[in-house]
Amino acid sequence: MANEATIKTRRGHPYDFTCADATALEKGTLLMNTDSRTVVASAGNDGVFAGILAREKIASDGRTQCAVFQDGIFDLTVAADSTCEPGDKMILSGANKIG
């Protein structure tokens with residue numbers, strides 16, 4: 001996967017969310033909610049942002065909990081057709097992108 005967020009400064013501790021055991025996710029993946037406290041990798045621009053994955057999740061490793069950062073400073077990849085400036089409000093804009 002490309003475009004993972006890079007953690008620059010984290011504030012506080014990550015929160016536990018439910019994720020599918022069969023799912024593989026890279027550290028820094030932008031996540032969206034699918035249900036209360038359940039996350040998947042961002043896939044489009046209509047998802048509700050849940051946070052940024054704090055550690056790698058290996059597919060079928062038996063884990064169904066993911067650590068998710070919801071506060072901090074991160075370097076993110078902006079969608080190619082987006083123009084934004086530091087401090088702008090961001091939305092999910094595709095697979096692991098913001099706009």
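**View 1. Lysine 57 and the residues around it in the predicted model.** Apart from its neighbours within four places in sequence, lysine 57 is in contact with Cys19, Ala20, Asp21, Thr23, Ala24, Leu25, Arg63 and Cys66. This lysine belongs to the loop between β5 and β6, and it counts as buried because its relative accessibility is 1%, where buried means under 20%. A polar atom of the lysine 57 side chain lies 3.5 Å from the backbone oxygen of arginine 63, a residue that is also among the contacts listed above.

**View 2. The disulfide between cysteine 19 and cysteine 66.** A disulfide is a covalent bond between the sulfur atoms of two cysteines. The model has one disulfide by the rule applied here, and in this link the distance from S to S is 2.2 Å. The link of cysteine 19 and cysteine 66 is right-handed, with 85 degrees about the S-S bond. It connects distant parts of the chain, 47 residues apart, since cysteine 19 sits in the loop between β2 (15-18) and β3 (30-35), while cysteine 66 sits in strand β6 (residues 65-69). Both cysteine 19 and cysteine 66 are buried, and both are in contact with lysine 57, the residue shown in View 1.

View 3. Two or more lining residues come from each of the elements β5 (48-53) and β7 (72-75). Sorted by class, the lining comprises 13 nonpolar, five polar and four charged residues.

Conventions: Residues numbered from 1 in each chain as written. Predicted model: local features only at pLDDT ≥ 70, side-chain atom pairs only at ≥ 80, totals over all residues. Heavy atoms only, no water. Helix = DSSP H or I, 4+ residues; strand = E, 2+ residues; numbered from the N terminus. Nonpolar A, V, L, I, M, F, W, Y, C, P; charged D, E, K, R; others polar. Disulfide = S-S within 2.5 Å. Buried < 20%, exposed > 50% of the residue type's maximum accessible area, 1.4 Å probe, protein only. Polar contact = N/O pair within 3.5 Å; in protein donor to acceptor, adjacent residues only side chain to side chain. Contact = heavy atoms within 4.5 Å.
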